[in-house]
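Colleague: I have a model open and want to learn how to read it. Can we go through it feature by feature?

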Amino acid sequence: MSPVVTLDWTPVCPLDRLDLDRGVAALVDGVQVAVFRTASGLYAVDNLDPVGGAYVMSRGLVGSRGGVPTLSSPLHKQVYDLATGRCLDLPGVTLTRHRARCRDGQVEVRLRQEQ
């Protein structure tokens, strides 16, 4: 089942409620999204682990590999590039990314449009 595609930004939480390098889960138009604040910016990805099949990515470990911000699955430790969603450990596996921004101190997410 494909997620509902939104053209609008959905408020998630105030920016000051996001701890650096820690994730939070949010429901955006029926889709569980994991939102992260890192030193390099805001990121939003599906909360569904594409390998393990559980909604746990908001509990993953934020880090970096070669200067690229990454997220490690809390289940099997696959590492994903937060900017692209590409799995750095398993070719062909990706984590769906969404757009995230801060507007007037409020974190907002817009679901990625299916192509």
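Modeller: We take the sheet, then the cysteines.

Modeller: This is a predicted model: local features need pLDDT of at least 70, side-chain atom pairs count only at pLDDT 80 or more, and totals for chains, interfaces and linings use all residues. Residues are numbered from 1 along each chain as its sequence is written, and side-chain values use heavy atoms, without hydrogens and water.

Colleague: In what order do the six strands form the open sheet?

Modeller: Strands are DSSP runs (E, at least two residues), numbered from the N terminus. Two of them pair if DSSP finds at least two bridges between them. Here the order is β1-β9-β8-β4-β3-β2, with antiparallel pairing. The edge strands, β1 (10-14) and β2 (23-28), each pair on one side only. From one strand to the next, the twist averages 30 degrees. For such angles, axes are lines fitted to C-alpha atoms, and values run from 0 to 180 degrees between N-to-C directions.

Colleague: Over how many bridges do β1 and β9 pair?

Modeller: Four, in the antiparallel sense; β9 covers residues 106-110. Thr10 has Val109 in β9 as its bridge partner.

Colleague: How many disulfides does the count give?

Modeller: A disulfide is a covalent bond between the sulfur atoms of two cysteines. The rule asks for a pair of cysteine sulfur atoms within 2.5 Å. The count is zero.
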